[in-house]
Amino acid sequence: MPMSPGRRPFGLSLDPLEGESLAGFALRLAHRLHISPHELARLTGLTEQDRLGRARASLSTRLTPAEIKNFAATTRLDPREVRAMTLEPLASRYPPAARSVANVRAGNVYSMHADRWLFPTTARYCPRCLAGDGSDIQHAHGGPWQILWRLPVVFACPRHEVFLEHLCPRCQKPVNFSNRAQLFPRPAASGVHPAHCRTSTVRDTKTGRHDDPCGASLAHDPLHHHRPGPGLLALQRKILRLLRPGGPKQPAQQYFTELILLAGLVMICWPRVQAVGTTRQLAEAVAQHLAIHEGTDSPLYRSTGAPVDAFVCAGLLQVTDRLLAADDLREALAALAPEENRNRSGIPPTRHL
Ligand SMILES: [Zn+2]
Ligand SMILES: [Zn+2]
């Protein structure tokens, strides 16, 4: 496959950081080259497949072999490094990623938004990771926006022992909120630091135009009042181990399938399960989340979808994981079944009271 005519490698590029997403890498490189993310996407062939010439959000899920080749050639990367910045390597371990990759491969670039256990773009971040590791290059262009931050099951950063954040401390909007259909919010805005908020601030009611991107640094002190304790960090490490390439695929697939299915049941049955294995603060946060989002139909907040708030999601997953680990799953689940069903099954209801 020859490189498309007129496409030349950049004189200057960047080494990808560990776990970095395509959007994150493109933001850092655009910043280094003093061009907008849109211009970078255009020069690397990421806008070619879109009728309107945009870099679509689906690019962070899967790239075609031609897109990988063109992006790798212009940015001087190995094609394997480019593929590693997408969700594709996670598809064999995390079923929602597999569904999303299959949708994009089939050309359904918008139905990938339908999965409740996969964020359409990076929805959470670790402020400490974005601050960088102190090296000159990360000081200049920020640390890695990680591909794993699209997965709701990733709620904490084990390196920095903090919950992931989803809100900007200044504009209070979720990160990447402006436009979930595109790879980057405000793609034409250049000069915004990669670790700063790109969300549009208020829309000018007279002209209809958006103000500049918010621009607040996301490398701030954690906004969550709590830090993850040893139990939650252990759960997060277990989840990250299952997602790591190279390990067995089948146990990971099975664990996440069951975890997601059961988490939905737990949300429906809350508060009957809240006493099981989590702290009071976490249980209260979950209850509050379910109460607030009852009846709303925003896909990010639907009540059986993954909570975007990492603290709430952690509480939910902790309860769910403890249920999954029960010696007798049937017994553990019986407490969640409606009482009339329990009567029908012949199990004396008193046992569950
Ligand atoms: Zn971190
Ligand atoms: Zn902001």
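Which elements are included in what covers the buried residues of α1? The cover includes α2, α3 and α7 (136-141), where contact means heavy atoms within 4.5 Å. Helices (H or I, at least four residues) and strands (E, at least two) are DSSP runs, numbered from the N terminus.

This is a predicted model, in which local features need pLDDT of at least 70 and side-chain atom pairs count only at pLDDT 80 or more, while totals for chains, interfaces and linings use all residues. Residues are numbered from 1 along each chain as its sequence is written, chains are lettered from A and ligands numbered from 1 in the order in which they are written, and side-chain values use heavy atoms, with hydrogens and water left out.

Ten of its twelve residues are buried, so α1 is largely enclosed by the rest of the structure. Here buried means under 20% relative accessible area, exposed over 50%, and partly exposed in between (1.4 Å probe, protein chains only). Among the buried residues are Leu-22, Phe-25, Arg-28 and His-31. The expected span of a helix is 1.5 Å times one less than its number of residues. For α1 (residues 22-33) this gives 16 Å, and the end C-alpha atoms are 16 Å apart, which agrees. After α1 comes His-34, whose phi is positive, near 60 degrees.

The next topic is charge. Side chains of opposite charge can pair when their charged atoms come close. A salt bridge is a side-chain nitrogen of Lys or Arg within 4 Å of a carboxyl oxygen of Asp or Glu, and by this rule the count is 13. One of them joins Glu-88 to Arg-62, with the closest N and O atoms 3.7 Å apart. Glu-88 lies in the loop between α4 (79-83) and α5 (95-105) and Arg-62 in the loop between α2 (37-43) and α3 (65-75), so the pair ties together parts that are 26 residues apart in sequence. Both Glu-88 and Arg-62 are buried. Glu-88 also meets Arg-105 in a salt bridge, at 3.0 Å from N to O. Arg-105 belongs to helix α5 and is 17 residues from Glu-88. A network of salt bridges links Arg-62, Arg-83, Glu-88 and Arg-105.

A metal site follows. The zinc ion (ligand 1) is coordinated by Cys-126 (SG), Cys-129 (SG), Cys-157 (SG) and His-160 (ND1), at 2.1 to 2.3 Å. Donors are N, O and S atoms within 2.8 Å of the metal (3.2 Å for Na, K and Ca). Four donors count as tetrahedral if all angles lie between 85 and 135 degrees; the angles at this zinc ion are 100 to 116 degrees, and the site is tetrahedral. Along the chain, the donors follow the spacing C-x2-C-x27-C-x2-H. Cys-126 and Cys-129 are both buried.

Finally, there are the aromatic rings. Rings of Phe, Tyr and Trp (its six-membered ring) pair if their centres lie within 6.5 Å; planes under 30 degrees apart count as stacked, over 60 as edge-to-face and the rest as tilted. The count by this rule is six aromatic pairs. Tyr-94 and Phe-256 form an edge-to-face pair, 5.2 Å centre to centre with 75 degrees between the planes. Tyr-94 is in the loop between α4 and α5, and Phe-256 is in helix α9 (residues 249-269), 162 residues apart. Both Tyr-94 and Phe-256 are buried. Ring pairs link Tyr-94, Tyr-255 and Phe-256 into a cluster.

Key: Tetrahedral: all angles 85-135°; square planar, octahedral: opposite > 155°, others 65-115°.
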